[in-house]
Amino acid sequence: MEYFLELFFGGLTRGSIYALIALGYTMVYGIIQLINFAHGEIYMIGAFVALIVAGVCTIYGLSGVSILILAGVVAVIYACAYGYTLEKVAYRPLRNAPRLSPLISAIGMSIFLQNYVLLAQTPDFLPFPRLIPDFDFMEPVAHIIGSPELVILITTMVTMILLTLLIKKTRVGKAMRATQQDMNMARLVGVNVDRIISLTFVIGSALAAIGGVLVASYIGQVNFYIGFIAGVKAFTAAVLGGIGSIPGAVLGGFVLGWAESFAAGYISSDYEDVFTFGLLVLILILRPAGILGKARKQKV
Amino acid sequence: MKKLTILISTIALALSMTATGFAADTIKLGVAGPHSGDLAPYGIPAMKAAQLVVKKINAHGGVLGKQVELLIQDDQCKPEIATNTATKLVTDGADVVLGHICSGATKAALGIYKDAKIPVMSPSATNPPLTQSGDYPNFFRTIASDDMQAKMAVDFAIDKLHVKKVAVIHDKGDYGKGFAEFAKKFLDEAGVEVVLFEGITPGAMDYSSIVQKIRRNKADALIFGGYHPEASKLVSQMKRKRLKTVFISDDGVKDDSFLKVAGDAANGSYVTGPRDLSSIPLNAAATAEFKAEYGAEPGAFFQEGYSAALALLNAIEKAGSTDYDAVTKALRTEYVETPVGNIKFDSKGDAEGVGFSVYKVENGKFVELK
């Protein structure tokens with residue numbers, strides 16, 4: 001039973017990070033049917049910015065948690081700026097182009113950003129300070145769920161609740177939902193669609209950056225390549241849950257995290273990816289639109 | 001004109017034959033390896049090493065009062081050419097052979113030397129069965145075999161750490177998996193229980209599942225085959241999960257990045273790595289000799305080639321003749337001072353004490369354990 005709990009919380013932690021990143025994919029897809037392949041790179045840039053801020057803060061003698069919060073805030077701001085610029089530079093000019101063009105543009109941005117960080121920072125692995133302290137009250141259960149996992153879980157839950165409130169309860173959220181349903185109609189009733197799309201990118205990037213900072217301080221290392229793998233996994237989670245659906249992305253993240261954790265724990269970590277992608281294939285056969293996705297009729 | 005050329009070249013050939021015939025009273029050191037083609041960079045440094053050693057020894061009066069003569073043959077690292085090379089060296093009367101360089105070519109040529117009773121020493125062929133199969137009693141090498149690292153790690157874990165249960169993890173790559181498989185083989189042979197043998201995906205977000213699995217199997221030690229990024233993640237997560245399992249790994253982890261990235265969590269880990277040769281005086285001297293002669297850095301397998309040439313000629317000197325049994329016996333019993341250390345060869349032909357040491361991470365530094 002203890003072993004089950006260990007794997008359960010391991011999967012939950014990993015899944016909540018996947019979910020945070022998957023939200024960015026699914027929100028963008030929901031509005032402009034674009035798979036933003038550069039999203040994983042925003043996550044990586046978030047982690048790098050946090051590393052730089054943490055380095056500076058350590059020089060000024062701040063302590064663990066305050067650095068974490070400060071580094072997180074700066075990383076989110078930077079990531080938002082990147083997301084905003086990305087959309088303006090790479091996707092907006094292609095808004096009315098055939099659907100493949102922005103996809104290629106997205107892949108190009110992904111490669112560009114990876115190599116930019118590779119050249120501007122380093123190809124090596126860098127140590128990331130362990131900003132989340134070990135809480136004494138967690139010590140008895142530290143082997144099942146440690147302080148970093150607890151912080152990650154709480155942060156992602158709070159973030160997701162705030163996101164839900166934003167979408168369900170605010171005017172901006174209403175405009176976002178309207179744009180998602182019918183962009184032209186939304187424009188007709190006075191929604192500034194361009195601004196809503198920018199905002200979607202900004203929110204998605206902020207979530208990715210939060211994920212990046214949390215993972216980096218949990219694992220203790222960053223590298224220019226981490227965004228690619230996390231991005232692929234999160235994209236899988238988004239598809240699993242039903243791309244375009246926000247609760248679907250969260251559910252997909254958790255399902256993927258647990259699938260990986262239990263497959264590695266009970267069967268073999270050799271086949272971790274085989275089981276998770278096998279699960280994806282299975283779900284897509286049974287529900288082609290994903291677990292919570294709605295099958296939309298395509299206009300031919 | 002054409003006839004004249006043929007005549008001259010025939011005479012030249014005939015003379016050269018007599019020249020070899022008259023100069024029978026030399027020790028003939030055959031050198032075989034790739035000296036042309038794309039793998040030449042692996043063969044040429046050992047050849048140059050042999051030339052340097054022979055030049056130096058001849059200047060000091062040679063071996064057993066005779067001058068040493070080099071017979072250099074190219075095998076391009078190709079097994080089918082290597083057999084021809086070997087036949088040529090045998091017919092030319094080589095007393096000992098330094099080579100071949102590539103494991104495949106060495107294996108192809110060894111049978112021919114074995115039949116001709118010629119001791120062969122490779123500076124670079126690392127394929128384990130070449131010595132361990134026992135098929136080639138005439139074969140020696142001055143480089144550690146591929147499984148040497150795993151052997152060091154396992155022996156250390158059993159003899160020094162007294163482990164009873166071991167988890168073996170690898171990164172599914174050729175290097176890491178090879179190391180892990182050898183480690184598992186040696187553990188099985190020693191009767192130590194391998195409680196877990198699995199691959200992990202490099203670059204995965206975290207390894208908490210595998211860490212929990214190690215805890216569940218109550219492993220005393222974790223032997224990991226792979227590189228430092230995964231190793232750093234593993235040791236950090238083991239510390240996070242309060243695991244006391246000892247971490248043992250390979251040369252791919254013996255990198256400053258491991259110390260830097262894993263930080264405190266790395267302390268108490270063990271890694272195997274190439275021995276620190278910089279303290280051996282002959283090592284620096286050989287490099288300096290090469291630089292003085294060629295004005296460049298020596299390149300791959302230079303030190304091993306230099307050592308092999310020294311070891312072979314020293315064995316002939318100690319044996320007092322070029323007789324096969326006497327020379328192989330001398331190689332197995334007489335220590336010789338070389339750039340890779342003060343060495344002799346074990347019964348199977350591997351140089352003792354060559355290659356790897358175990359390093360412990362203490363206060364963020366690798367400390368070589370003697």
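1. Is A:C80 buried or exposed? A:C80 is buried, with a relative accessible area of 16%; buried means under 20% relative accessible area, exposed over 50%, and partly exposed in between, with a 1.4 Å probe and protein chains only.

2. A word on the basis of this note. This is a predicted model, in which local features need pLDDT of at least 70 and side-chain atom pairs count only at pLDDT 80 or more, while totals for chains, interfaces and linings use all residues; side-chain values use heavy atoms, with hydrogens and water left out. Residues are numbered from 1 along each chain as its sequence is written, and chains are lettered from A and ligands numbered from 1 in the order in which they are written.

3. A disulfide is a pair of cysteine sulfur atoms within 2.5 Å. The sulfur of A:C57 has its closest cysteine sulfur in A:C80, 18 Å away, which is too far for a bond. A:C57 counts as buried, at 6% relative accessibility. A:C80 is likewise in no disulfide, the nearest cysteine sulfur being that of A:C57.

4. The disulfide. A disulfide is a covalent bond between the sulfur atoms of two cysteines. Over all chains the structure holds 1 disulfide. B:C77 and B:C102 are joined by a disulfide, with 1.8 Å from S to S. The pair links distant parts of the chain, 25 residues apart: B:C77 is in the loop between strand 2 (68-74) and helix 3 (79-91) of chain B, and B:C102 in the loop between strand 3 (96-98) and helix 4 (103-115) of chain B. Helices (H or I, at least four residues) and strands (E, at least two) are DSSP runs, numbered from the N terminus. The link of B:C77 and B:C102 is right-handed, with 70° about the S-S bond. B:C77 is buried, at a relative accessible area of 10%.

5. Aromatic pairs. Rings of Phe, Tyr and Trp (its six-membered ring) pair if their centres lie within 6.5 Å; planes under 30 degrees apart count as stacked, over 60 as edge-to-face and the rest as tilted. The count over all chains is 23 aromatic pairs. One of them is the stacked pair of A:F4 and A:F262, at 5.3 Å centre to centre and 15° between the planes. Because A:F4 lies in helix 1 (residues 2-32) of chain A and A:F262 in helix 10 (residues 246-267) of chain A, the pair ties together parts that are 258 residues apart in sequence. A:F4 is partly exposed at 34% relative accessible area, whereas A:F262 is buried at 19%. Both belong to one aromatic cluster, whose members include A:Y3, A:W258 and A:Y266.

6. Charges over rings. A charge sits over a ring if NZ of Lys or CZ of Arg is within 6 Å of the ring centre and within 35 degrees of the ring normal. The charged end of B:K48 is placed over the ring of B:Y294, 4.4 Å from its centre. B:K184 lies over the face of B:F197, 5.8 Å from the ring centre.

7. Where the chains meet. Contact means heavy atoms within 4.5 Å. In chain A, 38 residues are in contact with 30 residues of chain B. Between them the two chains bury about 2,900 Å², 47% of it on carbon and sulfur atoms; buried area is the accessible area (1.4 Å probe) that two parts lose on being put together, summed over both.

8. Salt bridges. A salt bridge is a side-chain nitrogen of Lys or Arg within 4 Å of a carboxyl oxygen of Asp or Glu. There are 23 salt bridges over all chains, and the count between chain A and chain B is 6. A:D134 forms one with B:R240, the closest N and O atoms being 3.7 Å apart. Another joins A:E139 and B:R242, at 2.6 Å from N to O. Within chain A, A:D273 forms a salt bridge with A:K233, at 3.6 Å between the closest N and O atoms. A:D273 is partly exposed at 23% relative accessibility, whereas A:K233 is buried at 8%.

9. Chain B as a whole. Its secondary structure comes to 13 helices and 14 strands. Of the 370 residues of chain B, 52% count as buried. The C-alpha atoms of chain B fill a box of roughly 85 × 45 × 40 Å, taken along the principal axes.
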